[in-house]
Amino acid sequence: MFVGLLTTLVFLPAAAALIIALFLKEKRQVRVFAGIVAVAELVLSIVAFASYDTAEGGVQLVDRISDWIPALNAQYFLGLDGLNAPMVLLTGLLGACAIFVSWRVEHRVKEYFMWLLLLWTAVMGVFVALDFLLFFIFWEIELIPMYMLISMWGTGRPTYSAMKFVAFTFLGSAFMLVAILALYFATGTFDMIRITQELGFDTPYSRLIMPAAVTFFFFFAAFAVKLPIWPVHTWLPDAHTDAPTAVSVMLAGVLLKMGGYGILRVCLSIFPDVARDYGTPLAILAAFSILYGAVVTMRQTDLKRLVAYSSVSHMGFVLLGVTSVSAVGGGFATVGITGASVQMFTHGTITGLLFVLVGLVYEKVHTRHIPDITGLAVRVPFVAVSFVIAGLASLGLPGLSGFVAEIMIFLGAFKANPWPVAFAAFGVVLAAGYILWTLQRILFGPPSDRQEGLTDASWMERLPIVTLIIAIVVVGVYPAVITDVLDTALPNLINFRMP
Amino acid sequence: MISESAAWAIFFLPIASFLIIGLVVRPFFNRFSKISAYLAILAIGGSLVLSSYALKSVLGHEEAIGWAAHEWFSLGGGEAFTFSIGIYMDSLTAIMLVVATSVSLMVQIYSMGYMKDDAGYARYFAIMSLFTASMIGLVMARNIVQLFVFWELVGVCSYLLIGFWYQRPSAAAAAKKAFIVTRIGDFGLLLAILYFFFNQDTFAAAGLNSLEIPDIHQAAVMGLIGTVALAWLAGGIFAGAIGKSAQVPLHTWLPDAMEGPTPVSALIHAATMVAAGVFLVARFFPVFSPDPHAGMTAAMTLVALVGGITAFGAATIGLVMHDIKRVLAYSTISQLGFMMLALGVGAYDAAIFHLFTHAFFKALLFLGSGSVNHAAGTFDMRYMGGLRKHMPWTYVTFLLGSLSLAGFPFFAGWWSKDEILAHAFNQGGVGLVVYGLGIVAAFMTAFYIFRVVHLTFHGEFRGGVEKKIADASAGVVRDGAVVTITADEESKRGEHVHLGESPVTMVLPMALLAVAAVVAGFIANPPFDLGVIQAHWFSHNLVMAQEPLLHFEEKAAGIEVGLATVASIVALAGILLSYWIYQAKGISTDRIAGAFPGLYRLLYRKYYIDELYEGGLVNRVFYRGLAFFAAGFDSRFVDGIVNMFGWTSRNLGRAMAQAQTGQVQVYGLGLSAGIILIVAAFIVWG
């Protein structure tokens with residue numbers, strides 16, 4: 001089977017990067033070309049998402065070459081199911097935004113867009129690859145453009161942050177590789193769907209060469225770093241703070257979701273029993289991560305660092321939703337895990353928007369130091385209104401998408417672990433605190449004289465902002481857009497063998 | 001009988017107004033921002049008409065009009081769970097709809113005059129529409145998650161309106177405070193929702209849905225949920241109500257909330273934001289009191305005591321405030337305490353009755369204070385006085401509102417307050433305690449509101465904002481502190497005070513509300529049949545809505561003459577005392593304050609609660625304590641370990657690199673040493 005849509009989706013940006021490298025010279029040419037590719041890629045991702053047939057379910061739009069590496073029994077296997085379809089849409093959306101917010105980059109434009117496009121290919125590949133070897137290759141390839149983008153176009157201590165990011169991910173990847181091999185030797189295949197069916201449903205874990213729980217946590221180590229979960233989160237604030245705007249958007253919007261997606265796709269699908277047995281410690285870890293992230297966010301004075309720490313808090317919700325798998329009956333697990341998936345999508349759009357706006361503010365006032373920024377609302381009303389919307393979405397205001405995810409996560413997870421969830425729910429109060437305080441400090445109050453003559457966002461800059469706001473409102477008001485697709489994958493995920 | 005689409009229209013009309021103003025008028029036609037006021041008023045007027053129709057439809061119906069719920073989104077192919085939305089229309093809903101839409105209409109007409117020439121005119125009416133729509137959505141909600149959605153939207157709209165003049169730091173701070181303090185309460189409500197869903201399996205076994213409000217009522221009455229669990233649920237719900245309705249200890253946001261435009265305060269204090277808390281407890285009344293014959297449950301006792309303490313405590317602060325809006329704000333907190341107190345002693349109908357009458361006279365009083373500010377330029381009563389002659393309409397309407405609030409016989413507030421006190425008294429036990437708190441609070445209420453009337457409208461004019469700014473620049477000390485001016489007064493620097501009546505757009509709503517403030521009590525709950533109006537139709541219908549569930553007895557058969565007389569005498573005494581002090585100058589206020597300096601300071605500083613919360617808890621304990629520690633822990637310890645790994649491997653690498661000298665002799669030495677060691681090991685252990 002080879003539909004070709006997903007292959008195009010994955011390799012279009014890479015091909016564009018190649019064309020830029022070989023044929024384009026002018027900065028303007030490069031930008032316009034990248035812009036066109038971005039729009040095309042966005043359209044393709046929307047097409048892929050929309051053409052997923054929810055009535056049929058299962059894996060669709062398959063691109064498969066069974067004998068890719070016959071010696072290893074590795075396949076070239078791309079496919080779309082309910083679990084990764086929203087991620088594909090998200091990656092299309094944010095990748096396009098990342099290209100458009102990079103319009104003002106002047107330093108080594110050609111290389112910049114090449115790396116950004118390559119990054120896009122790698123992340124898209126992670127989400128649609130359904131063969132472990134392919135998955136792992138995309139997972140690792142993503143590091144190279146990230147390293148280059150942060151260290152060459154970053155600010156502050158870019159090489160330190162870039163290296164920290166790479167080192168952390170590699171540490172996790174090492175564990176993941178061992179776990180992948182354990183699965184390979186037990187089943188003789190890298191096919192993620194087949195492994196899920198064989199291990200997750202029919203055969204006991206005894207064929208594994210190491211205990212199932214160990215394998216589970218080896219995978220979990222890799223995904224926890226990416227998510228990130230306390231205490232392996234400290235790469236995130238550094239990477240975010242020093243990265244250029246577009247990279248922060250991609251990092252917060254899409255790259256963190258690789259961790260959450262991995263947990264759902266691998267940890268939960270293949271080891272549902274382990275996930276259930278360790279539900280309580282994981283819930284405590286998630287709740288701690290949520291509160292810890294929120295409290296530390298309070299003290300941040302750098303806008304980017306502040307949003308970065310809030311991501312630590314918000315991504316904890318994904319893990320919290322996953323722990324609902326321990327609940328018995330009542331559809332709690334479905335509610336909670338759907339919530340976790342929706343949270344990945346909504347956090348991507350909301351935090352992506354926040355980083356776009358922070359980047360815009362930085363471009364205008366040349367500082368991210370919160371005490372130096374005040375009264376922006378008077379000078380740049382469009383940016384201010386968007387900032388308020390993004391902030392309110394981030395603190396979980398109903399009608400915007402963050403709320404839908406959070407309420408589902410809480411409802412689902414409360415049954416299995418009431419106390420950790422009750423504590424985690426206090427995170428919504430803390431979120432209101434740091435978000436509104438930040439808005440008050442940078443947007444409200446009398447405008448500063450130093451910021452006289454600021455211009456509001458241009459039409460070019462408004463485009464990604466408005467797009468993301470629409471995504472946030474649509475999912476907030478009518479969540480079925482996302483949940484109907486997710487719903488085709490989750491029942492298979494959760495109907496594991498009952499004890 | 002109202003159809004479902006008509007009921008939805010009550011909600012969607014102001015939503016449409018919000019969307020049109022927010023997405024079309026404001027961005028593209030801001031030059032024609034006048035349109036936005038007409039749009040908003042038209043929409044809310046339509047909602048008022050439909051709401052009245054809804055009220056007419058539910059009267060005489062024993063059970064709520066039950067329209068089937070609609071699917072919002074479903075999970076597990078609908079088998080796992082379906083989130084639904086729908087309308088629950090009973091007499092409580094219908095009454096709340098009428099209150100919200102009518103007060104909102106009056107406030108928005110008034111705003112046309114009050115907000116004239118404001119740069120944010122369109123934004124103002126957009127948010128006002130959303131605010132009203134959210135309140136409508138809240139009271140119509142059939143599902144508790146749906147209710148929570150609108151609950152939060154009401155909160156965010158007040159955030160946006162309190163911080164409407166965002167350039168003022170005080171407004172931005174007050175807006176933030178309002179949202180965060182109420183969100184602490186919302187946390188409790190959220191936990192209650194989670195706990196309901198926790199019991200979903202039990203609900204499902206009985207064919208019920210744990211998130212549907214009618215099902216929750218049934219489950220509570222059937223005893224499906226244990227007593228202890230019910231008490232926790234009630235506690236969580238009440239936490240939400242404490243936040244929204246500004247009850248002790250989460251009351252601190254409401255007095256600050258007057259940083260917003262005055263019509264916003266009128267709406268917040270009368271019909272939307274704060275009323276939501278009382279409504280919430282009323283809506284989940286069966287959870288608080290599953291069996292009305294069993295006396296007060298623990299949760300009800302808590303509600304009654306919190307209400308009583310709030311009614312009393314807020315009234316004491318109201319005695320000493322100089323700012324007319326602050327007096328009114330504490331008055332609102334106190335009156336909300338009365339409503340909670342009523343709910344606590346089981347007087348469900350009396351609580352809503354008081355909410356109903358209070359909405360009219362409190363909206364009127366706030367609009368009156370705005371009108372006064374229009375003339376004098378300040379809200380500081382020390383710089384007012386004598387306005388009676390210059391603004392007769394404002395004076396008369398304000399006076400009527402004050403009489404109603406004070407509980408002067410036969411005014412609206414008298415009927416409802418009396419009913420609450422009578423219920424509390426008859427309840428006995430804790431009821432007697434809260435009756436005591438309530439009757440003293442009623443006395444103080446009459447006193448402080450007539451203090452306002454005297455200071456504002458009687459005597460000689462004391463210079464208004466001009467004089468105050470002059471005093472502030474001269475560093476004049478009054479009441480133990482240098483006079484400081486507010487952001488609102490600052491914006492009027494350089495203007496001259498010219499006293500005069502406000503425009504008709506402002507006076508007309510006040511006049512209409514004044515009529516309601518006088519007659520609403522009698523018309524709504526007449527003690528005998530009035531031709532077309534049945535005796536006690538209001539209470540009767542409210543109680544009847546609960547009847548099939550709770551088997552209420554109608555206790556409020558009539559005004560109890562004895563208790564009513566006591567309450568009336570207390571109100572008159574308060575009015576007379578304030579006349580004696582402020583009009584007849586029977587005693588100087590300085591002498592009273594001087595006689596109890598400690599007490600006066602305590603009240604004037606609002607029991608130091610703001611200092612405790614903001615300076616103590618938030619700043620010292622949390623921000624400079626816990627958060628400081630956590631941030632340090634994160635960067636020093638957690639990240640320190642990471643950097644230590646980096647440092648170790650780098651230096652280890654460097655040390656190893658030293659060994660790579662490139663000299664074969666050194667490598668050979670190492671090799672030989674290794675071989676010797678291996679051989680030695682074999683000899684020893686082999």
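Student: How many of the 24 residues of H3(B) are buried, and what does that say about its place in the rest of the structure?

Tutor: This is a predicted model, in which local features need pLDDT of at least 70 and side-chain atom pairs count only at pLDDT 80 or more, while totals for chains, interfaces and linings use all residues. Residues are numbered from 1 along each chain as its sequence is written, and chains are lettered from A and ligands numbered from 1 in the order in which they are written.

Of the 24 residues of H3(B), 23 are buried, so this helix is largely enclosed by the rest of the structure. A residue is buried if 20 or more other C-beta atoms lie within 10 Å of its own, exposed if 12 or fewer, and partly exposed in between, with C-beta atoms placed from the backbone. Helices (H or I, at least four residues) and strands (E, at least two) are DSSP runs, numbered from the N terminus. The end C-alpha atoms of H3(B) are 34 Å apart, which agrees with the 34 Å that its 24 residues should span at 1.5 Å a residue; the expected span is 1.5 Å times one less than the number of residues.

One partner of H3(B), residues 91–114, is H23(B), residues 504–524: their axes come within 7 Å and cross at roughly 155°. That makes H3(B) roughly antiparallel to H23(B). Axes are lines fitted to C-alpha atoms, for helices over the stretch in contact, and angles run from 0 to 180 degrees between N-to-C directions; under 35 degrees counts as roughly parallel, over 145 as roughly antiparallel, 65 to 115 as roughly perpendicular and the rest as oblique. The crossing of H3(B) and H23(B) is left-handed, meaning that the near helix is turned anticlockwise from the far one by less than a right angle, whereas clockwise is right-handed. Among the residues that meet are Met106(B), Ile109(B) and Tyr110(B) of H3(B), and Leu508(B), Leu512(B) and Leu513(B) of H23(B). By class, this contact has ten nonpolar, two polar and no charged residues. Here Ala, Val, Leu, Ile, Met, Phe, Trp, Tyr, Cys and Pro count as nonpolar, Asp, Glu, Lys and Arg as charged, and the others, Gly among them, as polar.

Between the chains, 42 residues of chain B are in contact with 45 of chain A, contact being C-beta atoms, placed from the backbone, within 7 Å. H6(B) gives the most to the side of chain B that touches chain A, with 14 residues. That side divides into 31 nonpolar, five polar and six charged residues. H19(A), residues 418–425, packs against H6(B) at about 150°, with axes 10 Å apart, which makes the two helices roughly antiparallel. Their crossing is right-handed. Val421(A) and Ala422(A) are among the residues of H19(A) that meet H6(B), whose own residues there include Leu190(B), Leu191(B) and Leu194(B). The contact of H19(A) with H6(B) comprises nine nonpolar, no polar and no charged residues.

Technical notes:
Contact = placed C-beta atoms within 7 Å.
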